[in-house]
Every structure is written in structure tokens, then in C-alpha cells.
Amino acid sequence: MTSPTIDRATFDELKDTAGAEFAVELVDTFLAEAPAMLAELRRAYGAGDADAFRRTAHSLKSNGNTFGARAFAAMAKDLELGGMTPVQAASGKPLDALASEYARVASALTELQRG
Amino acid sequence: MAEVAGRGARLLVVDDNKVNRLLLTRSLELLGHRVAVAENGRAALEAMRREPFDLVLLDIEMPEMDGFQVLEQIRGDLALRDVPVIVTSSLEGLENVVRCIELGAEDYLTKPVNGVLLKARIGASLEKKRLRDQQKELVRRFATPEVAQDLQRSGFALGGKRIHASVLFADIRGFTPLAEAQPPEETIELLNTWYTLMFDAIGSHGGIVSQIAGDGLMAIFGAPVALDNHCESAVAAAREMVDLIELFNAEQASARKPAIRIGVGIASGEMIAGYTGTSERATYTCIGDVVNLAARLEQHTKEAKRTILIDAATRGALPATFSADALGATTLRGKTQAVDVFAA
């Protein structure tokens, strides 16, 4: 794991185009929304709701890409495209991995907000 | 709506994800647009039916109603189908892009959306929308509903094609002294009345007014939509114009205002018809010898002291029930060869 949690070039470009102040607000929004989305992903998995599972993974991927959270976005993309079967085969571990990566993303983004 | 293409337009952002919605809204507002948002497809359609938008930016993966369903609904709705839609999505797979385009999306942008691309695509879509709106307005003002429908079906392109049609020129006789004898406000009112009456007579016989200038106009019968009996339609319209002017003159007389007299010239045959101008401003018109002949006949009404003059081709196509006086071979101003002229 040599690649950074947040790709600085992507994040800086976001700040440049949307404005630094707005970027801070956008990070706040993501940090406020993401836990509920991760919970929804688990709910959909538990309920066998494939549509909601795909849609939520897609949404998390999209937000990950916006902030330059490449590893997080890649994991979400695998869930979006792979569906629930591989997750079941791995006893739900990919969901735990995504949650751990989110924790890293959240702290990195909070750090960037201050800087 | 899009008064200035590319800026100050009214846009609708449709996305179920709050971060995406905020970011896209922000980017569009920085480009100078006014933005409304909807959280899913159903809310988007409701918003579109409530107020007009110049452009919609549509996500695909959404709960309740996804973007594909929204595109289908928009395409099936006459009131909404002309609103351009740019799909903004992070959907995987080229087949999804193709599906959006097939369903009528104007363009497809991958999220996260690149600012430069966004600006360019929005500018292009709004410009296309503006041209379509302008074209519809042009058609509404200058064409009958049949012509308008034909244009909606066949589209709009500059350039001409050979057609057979009748061209009609009409103007007010002795307009300049009339205009000088009354206040300008009354002259404008008179002109507006005259145009209203003439448009009505022309439109009711299947013609379109292609040009208006001062106190004169040019109308075409048989294009852009073919008419079986364009000669007869043109002459019938001319006669209706004369009847309407007589009615108008009776009103003028009772208001102690001056009467107006008109002159009409009609010629028929092959000509080049099409849209001329630029893509910004164009008019449907015809050019060719037949058009010049119709204009000369209209001018000749003064010397001939007849209200409606037609050429031999028009006369030849009229049914026997139409009476017309043969005035003999006449050399019209600007022409070297004499032509047979008839008063209808």
C-alpha cells in the first residue's frame, strides 16, 4: 500500500474548480452521508436486495472518485460490478474492508480540510 | 428561455446522491446558470412538467425511477421531448452510453465531470436548443400548421431544391402619400391590419409568407409542402385579399379614414426553394425567373389599372370556372421579351 488514501491532484483540482470553501462543505456532506450509505449497503446485503446493493455501491464509487479516494472507489466499483455473490463467498469480508478504507478516507479528508 | 446561449440558462440537475448534486449545481452556477435539483426520476418529471427548463443533467442509477425511464418518458411526451438532456453518470460499460443516446440523450458525461468538458457540452446543447426554439418560432410566425409539421418531421437545413410552385407579390398602392398624410402611429396600425388580413388570406389557401418588406410581401404556394393546385390556391388567395381589403375600406370610410388599394402579381413554374440566410437567421424563400416575373407583374398592376395580374403558366393551370381577361403580350419593366399577361 504505497498509494495515498486520497489522490492529491484530484482533490486539488476539485478545490480549484469548485472553490476551497465549497470543497470543505462538500467533504462535510460526504462525511455526513457516507455512514448511512455504508449502512444501506449492509442492509441490502443482509436483505438480498441486489438492486439497492448495486446502486449504493455505485454511489459510493462515484463519491470516492470525486474526492480522489482511489482505493475506496475501486473497492466500491468491485461491489457494484460483482454483486453480492463474491461477498457471500468471502463471508462478508469485502464490506468490512470497505468500511476500514472509509475510515482512512474520512480521516485523510478531515486532515486535508484543515490544511 | 436561453436568452444568451451558454449563460444564464435554467437547468435541472437530477441525481440521488447529495455530494454529486451539490458539486454539479456548484459547477453550473459558476458558469452563470440558474439551477434546480431533483432527487430521483419521478421528481425530475414533476419539475419538468411544472416549469420549463433549457437543459436537464440526468443521472442514471437512481431509486424510484432511473434515468433510462426518465429518458423514455421525456421522449414520449410532446411537451418535454425538445428539452435537451445530458446524461452525467459513472455507469460502467459503453452499452449504457449507447442506450442513453438511443433513448434521445443529447450527450453523455462521465462522473466526476470534467469542468472544461461540462462547459463545452452545455454551451453546445443550449446553442442547439436556442436554434430549435428560433426555428419553431420562425415556423409558427411564417407557416401554416401543415408546413410547421412538415418542418418538424423533415428538419431544417440551409440550401435549396427545385420545385414547382406559384409566387405571389402584393403591396399597397400609393402607400407613401398615404403614410405622409397621417401620423406614424396610424400608419403602423394600418400596416399591422394589412399584414394580418394578408397573412390570413394566404394561410387559409395553403401558402406561406416568405418575406415582408415595408408595405409589400412575397408568398409561396406549393412549397415547402407541395400543393396539388398551387396556381388556383394563389389566385384564390389573391381574390380573398382583395375582398378583405374591400371590407377593410368600408370600415375606414365609416371612420373617415383613407381607403387603401392593393396590387397583386402571380407567376408559376419551376424555381429554387429553400432556407437562405445563416444558421442564426434564415428565411424560407424561392428564387428564379418566375419570382422576378411575379414581382414585375405586381408592379405592372399600376399601369394596367388592374388589381390582380397573373402570368400565362398560372392562367393555364386554372380550371375553366376561373375567369381571367387576356391583356395580350406585354413588355414588363426590366424584361426584354414580351409575355402574355392576364387579369384575374
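Predicted model: local features only at pLDDT ≥ 70, side-chain atom pairs only at ≥ 80, totals over all residues.
Visitor: What angle do the axes of α2(A) and α1(B) make?

Guide: A packed pair of helices is described by the angle and the distance between the two axes. Here helix α2 (residues 20-47) of chain A and α1(B) have axes that come within 9 Å and cross at roughly 165 degrees. Angles over 145 degrees count as roughly antiparallel, so α2(A) is roughly antiparallel to α1(B). Their crossing is right-handed.

Visitor: Which residues make that contact?

Guide: From α2(A) come A:Phe22, A:Leu26, A:Thr29, A:Phe30 and A:Glu33, and from α1(B) come B:Lys18, B:Val19, B:Leu22, B:Leu23 and B:Arg26. They divide into 6 nonpolar, 1 polar and 3 charged.

Visitor: Now the sheet in chain B. In what order do the strands stand?

Guide: Sheet strands pair through backbone hydrogen bonds, in a parallel or antiparallel sense. In chain B, 5 strands form an open, parallel sheet in the order β2-β1-β3-β4-β5. Strands β2 (34-38) and β5 (107-110) of chain B are at the edges with a single partner strand each, so one side of each has no neighbour in the sheet. From one strand to the next, the twist averages 20 degrees.

Visitor: Where does B:Leu12 point me in β3(B)?

Guide: B:Leu12 stands opposite B:Val56 of β3(B).

Notes
Residues numbered from 1 in each chain as written. Chains lettered and ligands numbered in written order. Pairing = 2+ DSSP bridges. Helix = DSSP H or I, 4+ residues; strand = E, 2+ residues; numbered from the N terminus. Axes fitted to C-alpha atoms, helices over the stretch in contact; angles between N-to-C directions. Parallel < 35°, antiparallel > 145°, perpendicular 65-115°, else oblique. Left-handed = near helix turned anticlockwise from the far one by under 90°. Contact = placed C-beta atoms within 7 Å. Nonpolar A, V, L, I, M, F, W, Y, C, P; charged D, E, K, R; others polar.
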